[in-house]
Amino acid sequence: MISNDKKPSVLLVSIDALKPEFIFEQERLGISLPNIKKYFIENGTYSRCGVRSVFPTFTYPCHQSIITGTNPAKHGIFNNGIFDPKGIHNGAWHWFASEKVDNLWKASKENGYVSASVAFPTSVCAEGDFIVPEFWWDGTEFDSYFINALSKPQGIISKMEKEIGRYAGGLDLTEEGDEQRFKATMWVLKNKIQELVKDKPFFMTSYFASFDEMAHVNGVYSKEAAHALEKIDKMLGILIKEVHEITNDNVVVCVVSDHGTLDNEYNINPNMLLKEAGLIDVDECGNIISWKAWAQRAGGTAEIRVKDSEDAETIDKLKKVIEKMTSDEESGILEVLDREEAKKRGGFPLAEFVLVAKKGYEIRENVLGDYCTTKLAQKAQHGYSENFEEMKSSFLIEGKGIKSKQDIGEMNLIDIAPTLANIMGFVLSQAEGKNIL
């Protein structure tokens, strides 16, 4: 066992939707990321060919996989949102850290680390010393009251906001929101961690959302997405410099992303076919009255659950809808998985079927209107097959004991947690990934 004064601190930063090409083909794409180039390409270790994400390649399942080293089918967060056809839970997401598996926040604390997080998805109720989770209610200042109550220790947000202004809730995915996430991360480092790091190392997670959001709104290769990424790079440089200074260079910085992204061409709505088959009842406004089968979207995939698994008539009708989609070349469906096939891919263990869309066909949940339309809800999306090259995510690491200019080749998203655990001197026993350094 390495003594605490020798263990390196670890900063894990997630840049949502950062694809490898934006790191290694900056000149071709017309962007400049000098800090990523300096710290990681020139002086760190990386996966040039990219990281295979999990199934589905959606933000919340991916982030829980990053922090636990397990697939969604094991950690239990299968989608961003709660499965909720009738909207009973008012649009709630899986904000909470899984209780089914170990994670790096809890494990690092148990192994002598100061454990902290700012804005990392799926961190509500995480066991750590300073946890400022991602959560929202209505996008107003009311969010701060909830986050203040959910943070560890309680009250940290009210203290922080006196100095940095309003903390960015989970609905603020703008560049300005990322600036506040950055300020919050720096505030925790300077006001909570800096004194403690004299006696013990820290593990901390942080998150930037605006590159992903600008791609959703404007397209993957838009100038708006590029601008957001360049601003993130500037803030990242300041963060890296800060953690190196407060630890006297006894630190490892790991930058990752959860998935890639690709531009959409169509929206498709499988629930319209389920409604036509009598499996969903709606009122004239499209509100769900009742359902027997429902397709919940996850970007480029959707899981179809049935309300009663013993209802043979419903299953038979559902199979006929599936047959109709798979036989239609213009349905936008690439493949259909049954429950066991989905579980083998690591996701959706409760689904009767899982729809995987072709590239550019984002799945939506509309029950009225056309099945397929070129009127897009978002210009770019993820959630598509983890086998698509465009869905690959990124891995960069630098600092104490990390080799320079080393390309480790292909790896998996679930390898991140066990790799960082190894650096910190412990093992995540439930992890399905492996240490890749």
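Colleague: Which residues does Tyr207 touch, not counting residues up to four places away in sequence?

Modeller: Tyr207 touches Ser14, Asp16, Thr59, His63, Val118, Ala119, Phe120, Pro121, Glu134, Asp178 and Arg181; contact means heavy atoms within 4.5 Å. This is a predicted model, where local features need pLDDT of at least 70, side-chain atom pairs count only at pLDDT 80 or more, and totals for chains, interfaces and linings use all residues. Residues are numbered from 1 along each chain as its sequence is written, and side-chain values use heavy atoms, with hydrogens and water left out.

Colleague: Why is Tyr207 called buried?

Modeller: Its relative accessible area is 4%, and buried means under 20% (exposed is over 50%, partly exposed in between; 1.4 Å probe, protein chains only). Tyr207 is therefore buried.

Colleague: What makes the pair Tyr207 and Asp16 a polar contact?

Modeller: Their side chains make the contact at 2.6 Å. The term requires a pair of N or O atoms within 3.5 Å; within protein, one must be able to donate a hydrogen and the other to accept it, and residues adjacent in sequence count only if both atoms are side-chain atoms.

Colleague: How do you know that E14 and E15 pair?

Modeller: They share five bridges, in the antiparallel sense, and pairing needs at least two bridges found by DSSP. Strands are DSSP runs (E, at least two residues), numbered from the N terminus. Ile333 has Ala357 in E15 as its bridge partner.

Colleague: What makes E12 and E14 edge strands?

Modeller: In the open sheet ordered E12-E13-E15-E14, E12 (293-297) and E14 (333-338) each pair on one side only.

How values were computed:
Helix = DSSP H or I, 4+ residues; strand = E, 2+ residues; numbered from the N terminus.
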